[in-house]
Protein chains: 2
Amino acid sequence: MTMHDLMKQLREANSSKIVLLVADGLGGLPIEPGGKTELETAKTPNLDAFATEGTVGLSIPVARGIAPGSGPGHLGLFGYDPLEHQIGRGVLEALGVGVEVGPRDVAIRGNFCTIDAEGKVTDRRAGRIATEVCEKLVAKLRSKVKIEGVETLIEPVREYRLVVRFRGDGLGDCVCDTDPLSTGLHTLEPKAGDEASAKTARIAAEFLRQAKEILKDEHPANYLMMRGFAKFPKIETMEEVYGLRACAIAVYPMYRGLAKLVGMTVIEPGKTIADQMEVLKANWNLYDFFFIHYKYTDSTGEDGNFSKKVEVIEALDAEVPKIRALNPDVLIVTGDHSTPSRLKAHSFHPVPLLFWAPKTTLADEATKFGERPCGRGGLGQIFAKEIMPLAMAHAGRLQKFGA
Amino acid sequence: MTMHDLMKQLREANSSKIVLLVADGLGGLPIEPGGKTELETAKTPNLDAFATEGTVGLSIPVARGIAPGSGPGHLGLFGYDPLEHQIGRGVLEALGVGVEVGPRDVAIRGNFCTIDAEGKVTDRRAGRIATEVCEKLVAKLRSKVKIEGVETLIEPVREYRLVVRFRGDGLGDCVCDTDPLSTGLHTLEPKAGDEASAKTARIAAEFLRQAKEILKDEHPANYLMMRGFAKFPKIETMEEVYGLRACAIAVYPMYRGLAKLVGMTVIEPGKTIADQMEVLKANWNLYDFFFIHYKYTDSTGEDGNFSKKVEVIEALDAEVPKIRALNPDVLIVTGDHSTPSRLKAHSFHPVPLLFWAPKTTLADEATKFGERPCGRGGLGQIFAKEIMPLAMAHAGRLQKFGA
């Protein structure tokens, strides 16, 4: 019996409210040996108060040693095994620019590239054209590409990157990349790997034929390649698994898209964490579960900016009392992965995790929210996918298993 | 390779003795924020001495967030995955009143109910008749029901509840409940869900036909419904898995029944924990593994009686030196789940776990047996089903794995 089966069997509705506050890339490392991490350095009186009253621990996003991307990082937090439910590259790229991906869609990453007179690739990234050029070329493609039998959507991403989405019936996603992976070679045909993807391959070939014609006088981006053909993964919604009316309050499209994948309602959040808190308050009575996404702990980490990461943690802390004021039954604060500013990248380190549920948590000795106190915390080290069953339990939403 | 396969491959016999002392529902919560739990409040010098010399940790009965019933709670402690080996409701109800369930049996929960002249249910619990009335009605049924081809056993449980057991060949347990789940409806026919259960369904229908006739002049309990048809689960015995001659010293029938399910010998224990200790001593040379069940930590928790739960923990502690006097090789003290008196119910919280094996445990820093010291203990947080392999190891009963 899987944990999802168990959730479906044991869950029961009540009026409890669960808040999952995800500070993206929260976990960090000291700059100097013997020093403090970003979270340990930050003055976080409000998070510390929750840590004092609640229980802390560490969340392992996927498995020990694995640094996840945003997709698996968030799926874990939503209670889905990230190794079991994988999201294709094309879908993630589409979600990142706000392109919806539904069950009839195949999403594909595109690269503008440069080909010579013989059709051989001379630059796989078309000289890294500016984003504005990309936007102009996408507009040109949009106005001219016409393929029967599918709806085609094209969206710029950044520099030489774009997204193509085909919507129609009978579109499989087992289609090989057309990128030859080195210059001096012809691009590859979009070849179907199974029967169900033959139509997608034909449509992609027609799309590429038209694009070559439309772009032929452009320079340096006179063609494009397609990679990461992917369909919307078949995944049960959070309502199906947990019986929760779930909503997402996320500023960035990627996280809204990931939330939609698991069936959350996405609410337009404004631009700042203060706006997000307003939205939380305004929607408090309409949902059971609230996913709030805070991006800046990750982006400052990626930038390698330790002191800025400390600042944005403190800015988040200042907003946390607004959650307490709503009297949630369960508040969880964690990250989808660590992004130590020292490493300027997502890392595999387990992520600080705070669990606050005044009726049911057994307070441990932690009085500060930070990597080291969490490492000694009462929750121990748990897998991210175990957080949702615990949240359901603390919310009183699970019946006893067996007699 | 499953852990059971591994046990069978690696196990070797010796003269070691393992004692598993289960304080049912042991784990608790403070009444007030910042306070102590029941176990932390109790004066337990003897358990504390074991904790000081041994290692402590927390046991997760089934999975994080899952509050188990007694069945899955104990199966985990006996080393069986409770999600893999599920015990049907009928079997548990039968075990709870001391009705044996063997491989040829189907056990069924019964409810006396009230039906009107048309046969429609007017009260699904027959006005919650007194247990004495239930006993009288069961006696009447016993004396009159006659069904060919099976042996029928009927046993009162409490108030309107009873147990029916059919013993015979070819009895499947895939039979639907006859409870229509709301009043104003006819009871349902016992419908077989597979070929192997057709005979059971026919017998149950005949049983109900006779019962309706026998009870027709009774009031308010003039009929009954059947639910939770269940067979004895196919499960390897502890002797088959671990090579242990195992015995159970449990006062309450449910726990004797669970012990029998995994092949333990059940010894008549007297009525008190002091009696149980006498039985332990008297049988010390006859078995390798001793399961001692102590009920009152759970029942006081269920009653919401914090101070009484503290008292019964202290009463248990006072008996523990009798175990030490026997020089066991391994002593494990834990619960099958937590029952915080604040919640008056089984909970999902991990359970304090004490492991004492003078030859092999690495003492941690714990000097008190309690939830918080256990949360920092040397064993960490482990799943209940991992306790038996650890016990086997500490008892020197497992060979090296691989060369």
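Only 10% of the interface residues of chain A are also interface residues in chain B, so the copies meet through different surfaces. This is a predicted model, and the contact between its two chains takes 21 residues from chain A and 26 residues from chain B. Within chain A, the domain assignment gives two parts, domain 1 (3-85 + 234-394) and domain 2 (91-231).

**How the copies are related**

- Two copies of a chain are in general related by a rotation about an axis together with a shift along it.

**The side of chain A that touches chain B**

- With 21 residues of chain A taking part in the contact, at least two residues of this side come from each of α1 (3-10), β13 (380-383) and α15 (387-394) of chain A.
- The largest share of this side is supplied by α15(A), which provides 4 residues.
- Sorted by class, the side of chain A that touches chain B has 13 nonpolar, 3 polar and 5 charged residues.

**The two domains of chain A**

- The C-alpha centres of domain 1 and domain 2 of chain A lie 35 Å apart, and 5 residues of domain 1 are in contact with 5 residues of domain 2.
- On the side of domain 1 of chain A that touches domain 2 of chain A, helix α9 (residues 253-261) gives the most, with 4 residues.
- The residues on that side of domain 1 of chain A comprise 3 nonpolar and 2 polar residues, with no charged ones.

Note on methods
Residues are numbered from 1 along each chain as its sequence is written. Chains are lettered from A and ligands numbered from 1 in the order in which they are written. This is a predicted model: local features need pLDDT of at least 70, side-chain atom pairs count only at pLDDT 80 or more; totals for chains, interfaces and linings use all residues. Two residues are in contact if their C-beta atoms, placed from the backbone, lie within 7 Å. Ala, Val, Leu, Ile, Met, Phe, Trp, Tyr, Cys and Pro count as nonpolar, Asp, Glu, Lys and Arg as charged, and the others, Gly among them, as polar. Domain bounds come from an automatic or database domain assignment.
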